[in-house]
Structure formats: C-alpha cells, structure tokens
Amino acid sequence: MSDAKETIEVEITVNGKSVRREVEPRLLLVEFIRENLQLTGTHVGCDTSYCGACTIILNGEAIKSCTLLAVQADGGEVLTVEGLEQDGQLHPLQQAFSECHGLQCGYCTPGMLMSSLALLAENPDPSVKDIRKRLAGNVCRCTGYQNIIKSVQSAAKALQEG
Amino acid sequence: MYPQPFRYHRPNSVKDAITLLTELGEGAKPLAGGQSLIPILKMRMDEPSDLVDITRIPGLNSISTDNDLIRIGALCTHAQVAMSEAALTIPVLRDCAGGIADPQVRSLGTIGGSVSVADPSSDWPALLFVLDAKIVCQGPEGSRTVGIRDFIVDSYTTCLGDAELVTEIQIPQPPANSGGAYIGFKKAAPAYPAASVAIQLTLDDAGKCKEISLALGSAGPKPIISADAEAILKGNKLTEELLKQAAEKLVAESSPPSDARGSAEFKQEILRSLFLKTAATAINRAGGSNIDGTHDYV
C-alpha cells in the first residue's frame, strides 16, 4: 500500500493572499473556499457542474469550483468574487450589474461576475453573441438574462473608457 | 456532496503514474481534468481507494501536426483543442471541442479523460470514429496504439488494461476535398447532448462522394455506425433524397435510451434532421466553403 497521508497540505493564493491548509483529498475547492476560508460569496447551486453559481477564476480561467478538488488547485491562483472590490470601490462589473439591474435574487451573480470577468480579460469589446456564448454555463432563474447582458456591455464600456 | 474518502497521489511522469497504479491495484483511478470523474465520485457511482492525479505530468498537453497526423496530447483541454491551429484547418475539431458543455468545463476537461470514460453521451467518441482516430496507450507492458473503434468497447468501457493510460490521440490528416461536421442537440450548454451526428467525407473532382464515414452519438451504448448507410452514399452525388435514405438506415441501427433528455422516438426524429443538417455542412466544407462553427449553445 502507499504511504499517502489522510490529509495533504495545499498552498493556494486566494485573492492575492497565500493560504496554507491541511485538507482531506476529497475536499472540493468550493468547500475549501467557503468553509475553510469563510469566503461565502462563492455559492453552491446545483452542485453538479451545471448552474455555474460556484464559478471562480483559477490561474486566469473561469472554472466551476464544485467540480474540482482543492488538492488539484494546489500551487494555483484563485480569484473569488470577494477579490473584485478594490479599496472599497466596486469593480466596474459589480457597478454595472447594480446599475443595469443585472440581478434579482443574486444567487447566480458571483458566478456571472467571474465568467464575465474572464470574458472581458480575453475580449474587451464583446458582442452580444460573445457574451451569451461565454455565459452559457451560468444559469439565472430571475432576470431572463437581458439585463445581465446589458450589465456586461456597460462594464466593457466603462473599462475601455478607463 | 462529498465523494467517499480516498488517498491522493501526484506523480510527475507517465512511468511513475503507471508504477503507482500497478502498486495500488484496481481500487486506484487516474484523475485528469475531473469533469467526468468528480461528478461520478460525488454521486458515489464509484468509490476508488486512491486517485492518481496525472495533470501535472509534463509533455501530455501539446498539439502537433505534420503531413500525415495530428497528435493531440491526452491532457489537452477541450478549450485548447477548440482554439488550436489544427482546428483552423479541420473545423470539425472546433465543432466538437468548442461545443462540449460550457466554457468552464472546457477549461478543465481533457480529450484523454473523455475517451477514457467512454460516456455514451459524450461528444468526442462519435467524432473520433469518423476521423478514424488512433488512441496511444501506455501501461506496464509498454506502449500500444489502438483504433478508436476497438478502443471503445461498450458504454463506459474501453480496452484499457490495468494501470494503462491514454497518452495521445492521433488523427490522420484528411485528404484534399474533404469536409466534416459535428452537431450535438442539447437543451442548454452544460447538458449532455440528447443526440449527435458526426460526418467526415471526401468528394471527387466530379463532386461525387469518394469516401464517407458516419456516426451517431448518444444513440446507443457506443457510437452507432452503419456500413449500409455509407454504401448508399459512396460513389454517388449526395442528393437530399439519397441522404434521407442513408439517414433511415443509420437511425434504424440506433437504440437511444428514453430518458430525461427525451424519448427514444423523439431522439430518432432529432437524429434524422440532425443528420441532414450535418451532411449539408460537411458537403459545403468539402467543396471549399469556410463555415466557422456548426452550432452555438446559448
């Protein structure tokens, strides 16, 4: 048999701060973020990799944190919704979602924000089709998506205007 | 949802991974992107004693092309394949890779993992059937190359032996005047397709069908093929009437399960029209048309 330990130490940079924790290998990244680090802005929705509420950025890419083990993210850089606000100032995406009514109940919003952030990093001036394609893995049951798309367009404009 | 407890290992070479898997025995499973395996573990459909994470092994995540072959490392993500140079020249690769689930899943899920799981609803198998792909496997006995049609044995079953891993997927370069298309039908991006069709064909100078390969996905325990359907089309001008006849043969061979994605009858109806739509794109591409993607799931 192997000499694998029951727990493993992981070191992950979360929102710019390096954290070290002993974790069980079966711990999901979303639970690591929510339970171990108390960053409860990242939500668990369907818990089956469908709804996208748990979307975070790992090493620059949007991923569903309910379908990744914390040990798989060892050594990586994680950005959660808590990392968007800087010095008390909402991120332009958060500002735009607020102004354009891009949310109602808000449950899907952290995931929507993180997927939108990944989109704008890659494509600063996305078309409606680009936005719809990029948010296809994020489900919203309130808004009908129209205002979410408007929010992303508005944020893109704000970011471009600096 | 939590999986059952397991031990976790992270080898740095294929050799070490095979040694570990051999030592740990049949309770051990390799882990790549995890986009199939982790849901399986969370639903407790499998309870491995050990996971051997192969994602940090160097050398398995590049795509190279030469005159004969496209070689895709087993750890290439779907997103990576969709945006590759190879997908520019063979757009059917982008149809398939760029249409799997959603952007988040495509960033993690790997082509090697997908074929190893051999989920009958997954996208890669039907496409790899028509592209005549070969799967390079490495195990305790060394390396071997197996055609995809022999590699996928049944639903969730491959010919992989104990401690054997997929290391590369090889796709022959299609000859001139070839075109292909892949379309999956699904209700929303993150869902598995209710039905899918893969077609690869080559036209001759007169515009007749020189070679054709067809496969249906999500339509049985493994991709459905039909020599009868291909025989109807080969050597002929691909008229709508002939394509409809071939579709009937192909659909007759299918056995889609009735489930949450639709009844068997509904899926067969979808397969018929999906076949004609996919064929039209493949024919246009073989004729030189630049058709970017076949479908958007939004």
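Helices in these legends are DSSP runs of H or I with at least four residues, numbered from the N terminus, and in this predicted model one of them, helix α12 of chain B, spans residues 264-286 and holds Arg285(B).

View 1. Arg285(B) lies in helix α12(B), and because buried means under 20% relative accessible area, its value of 7% places Arg285(B) among the buried residues. Leaving aside neighbours within four places in sequence, the residues in contact with Arg285(B) include Pro91(B), Val92(B) and Asp95(B), as well as Ile291(B), Asp292(B), Gly293(B) and Thr294(B). Ser178(B), Gly179(B), Gly180(B) and Ala181(B) are also among the contacts of Arg285(B).

**View 2. The side chain of Arg285(B) and two backbone oxygens.** The side chain of Arg285(B) reaches the backbone oxygen of Gly180(B) at 2.8 Å, and it also reaches the backbone oxygen of Ile291(B), again at 2.8 Å. Although Arg285(B) and Ser178(B) are 107 residues apart along the chain, their C-alpha atoms are separated by 7.3 Å.

**View 3. Strand β11 of chain B and its partner β12.** Strand β11(B) covers residues 178-185, and seven of its eight residues are buried, so the strand is largely enclosed by the rest of the structure. Strand β12(B), residues 195-203, pairs with β11(B) in the antiparallel sense over eight bridges. Within this pairing, Ala181(B) stands opposite Ile199(B) of β12(B), and Ala181(B) is also one of the residues in contact with Arg285(B). In a regular strand, side chains alternate between the two faces of the sheet.

**View 4. The interface of chain B and chain A.** On the chain B side 37 residues are in contact with 37 residues of chain A, and the two chains bury about 3100 Å² between them, with 60% of that area on carbon and sulfur atoms. Between the chains, 15 residue pairs are counted in polar contact, both residues being at pLDDT 80 or more. The elements of chain B that give two or more residues to the side touching chain A are β1 (7-9), α2 (37-42), β3 (50-53) and α6 (103-108), and α6(B) provides the largest share, five residues. By class, this side of chain B has 21 nonpolar, seven polar and nine charged residues.

**View 5. A salt bridge between Asp102(B) and Lys64(A).** Three salt bridges are found across the interface of chain B and chain A. Asp102(B) forms a salt bridge with Lys64(A), in which the closest N and O atoms are 2.5 Å apart.

Conventions
Residues are numbered from 1 along each chain as its sequence is written. Chains are lettered from A and ligands numbered from 1 in the order in which they are written. This is a predicted model: local features need pLDDT of at least 70, side-chain atom pairs count only at pLDDT 80 or more; totals for chains, interfaces and linings use all residues. Side-chain values use heavy atoms; hydrogens and water are left out. Buried means under 20% relative accessible area, exposed over 50%, partly exposed in between (1.4 Å probe, protein chains only). Two strands pair if DSSP finds at least two bridges between them. Contact means heavy atoms within 4.5 Å. Buried area is the accessible area (1.4 Å probe) that two parts lose on being put together, summed over both. A salt bridge is a side-chain nitrogen of Lys or Arg within 4 Å of a carboxyl oxygen of Asp or Glu. A polar contact is a pair of N or O atoms within 3.5 Å; within protein, one must be able to donate a hydrogen and the other to accept it, and residues adjacent in sequence count only if both atoms are side-chain atoms. Ala, Val, Leu, Ile, Met, Phe, Trp, Tyr, Cys and Pro count as nonpolar, Asp, Glu, Lys and Arg as charged, and the others, Gly among them, as polar.
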